[in-house]
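Trainee: I'm new to this one. Could you walk me through a few spots?

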Amino acid sequence: MATRDAVTVIGRGTHVRGKVAGDGDLEIQGRVDGSVAVDGDVTIEQGGLVASDVSGRRIVVRGAVKGDLTATESIALEEGARVVGDLRAPRVAIVGGLVRGYVQSGDGQGAPRGAVKSAAVARPAVAAKPAVPAAKPAVVAAPAPSAPRAVQASNGSPAARAAQPAPQQVAHVSRERAEAPRAISLAGGAPAAKQGPPPQVVPSLKKGAKGALKKKA
Amino acid sequence: MASTVIGAGITIEGEVTADDDVVVQGTIRGKLTSRDAVTVESGAVVEADVASGPLSVAGAVTGNITSSDRVDLQAGAKVVGNVKATRITIADGAQFKGNVDMDV
C-alpha cells in the first residue's frame, strides 16, 4: 500500500470538527476539534491548534494542543509548543514550549498513575511552570520553609545530603519531565539546603523592649 | 501544493471547513466546505455534502454538491447526489445519479 508516504495535511485555514483516523502521516497547521488517532506520525505545526486527544506513532508538537497525547514511539515538544494534557510515550522529549499535565515515559509498566499522583503532592506546581526550569523552579521553592528546622536538628548530614539532589532535580525537570514526580516526592523529605532560614516574620525586639513600650504607653 | 490534503488511509468523520483548496485522497464523512477548489481524487470516498469553489471529482461522492464555480466529473468518478453549479462537465466514463441545477 502506498499509504506510508501519503501525507495528510490540515492546512492553515482548515477547521475539522470530528474524528480524524486512519494510517499515514498527519500534519496539522489548522484546527482540529474532535479526536486524532492515526498509525503514522503526527506533526502539529506552529499555528496549529488541536482541541482533542491525539494518538500516533511519533508526535511532534510546535503548536497548541488541549488534550492528551499518546504515542507508540515518541513525543517531542519543540519550540512554540503549548500542551495542556497528559503525555504518554516510550520516549518523551520536551525541547521547548509549555506543558501542563502528567508525563509518562518508558514502557508504561511502572507504577500506576494514581499511586504516583498521591505521592507527588507538588505536581500541579511543577506542571504550571515548565518552560522556565532554570529561572525559579517551583520544586526548590516549595520545600524551603522546612529548611531551617532540618538544619537546626542536625547541622551535618541532612543538609549536605539535600544539597546533592537539589540541583539534579532541576536538571531533571527540564530534561525529562517524566522523572519529575518521583524526584519531587523525594524532595518532600529532603529540604533544599541552598537557602538559609527565611527572614523572620516577627521583628526581633531587644530584651525588655516590650516592657519599655508598655511603660511608655 | 494544496494547503489541505486528506491522504489515502485517513478517515475524517465530521465537518471539514477550509479557506483554501482541499485535496481528498482518503475518506470524509459528514460535511465538506471550502472557499476554494476541492479535488476528490481517484480512490477517495466523500460521503458528505460538499460546498466549494471549483470542484473536480475522480473518486466517489455521495451527497449534494454546491459549487460557486464549475464542477468537473472526470472519468471514473462516481457521484450520487444533486449538483448545483454555474458550470458542469461530465466526462465520458463518469457515473452520475442526481439532479443538475445550473443558473439558466
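Trainee: Which strand holds B:Asp72?
Mentor: Keep in mind that this is a predicted model, where local features need pLDDT of at least 70, side-chain atom pairs count only at pLDDT 80 or more, and totals for chains, interfaces and linings use all residues. Residues are numbered from 1 along each chain as written, chains are lettered from A and ligands numbered from 1 in written order, and side-chain values use heavy atoms, without hydrogens or water. Strands here are DSSP runs of E, at least two residues, numbered from the N terminus. The run covering residues 70–73 of chain B includes B:Asp72, and that's strand β10.

Trainee: Is B:Asp72 buried or exposed?
Mentor: Buried means under 20% relative accessible area, exposed over 50%, partly exposed in between, with a 1.4 Å probe and protein chains only. B:Asp72 has 18%, so it counts as buried.

Trainee: Which residues is B:Asp72 in contact with, leaving aside neighbours within four places in sequence?
Mentor: Contact means heavy atoms within 4.5 Å. The C-alpha atoms of B:Asp72 and B:Ile88 are 5.8 Å apart, though 16 residues separate the two along the chain. The contacts of B:Asp72 are B:Leu55, B:Ser56, B:Val57 and B:Thr89.

Trainee: Over in chain A, how many bridges join β6(A) to strand β8?
Mentor: Two strands pair if DSSP finds at least two bridges between them. β8 spans residues 69–77 and runs parallel to β6(A). In that pairing A:Gly56 sits opposite A:Ala71. The bridge count is seven.

Trainee: And which residue of β7(A) is the bridge partner of A:Val50?
Mentor: β6(A) and β7, residues 64–66, run parallel and share two bridges. The partner of A:Val50 there is A:Val65.

Key. Helix = DSSP H or I, 4+ residues; strand = E, 2+ residues; numbered from the N terminus.
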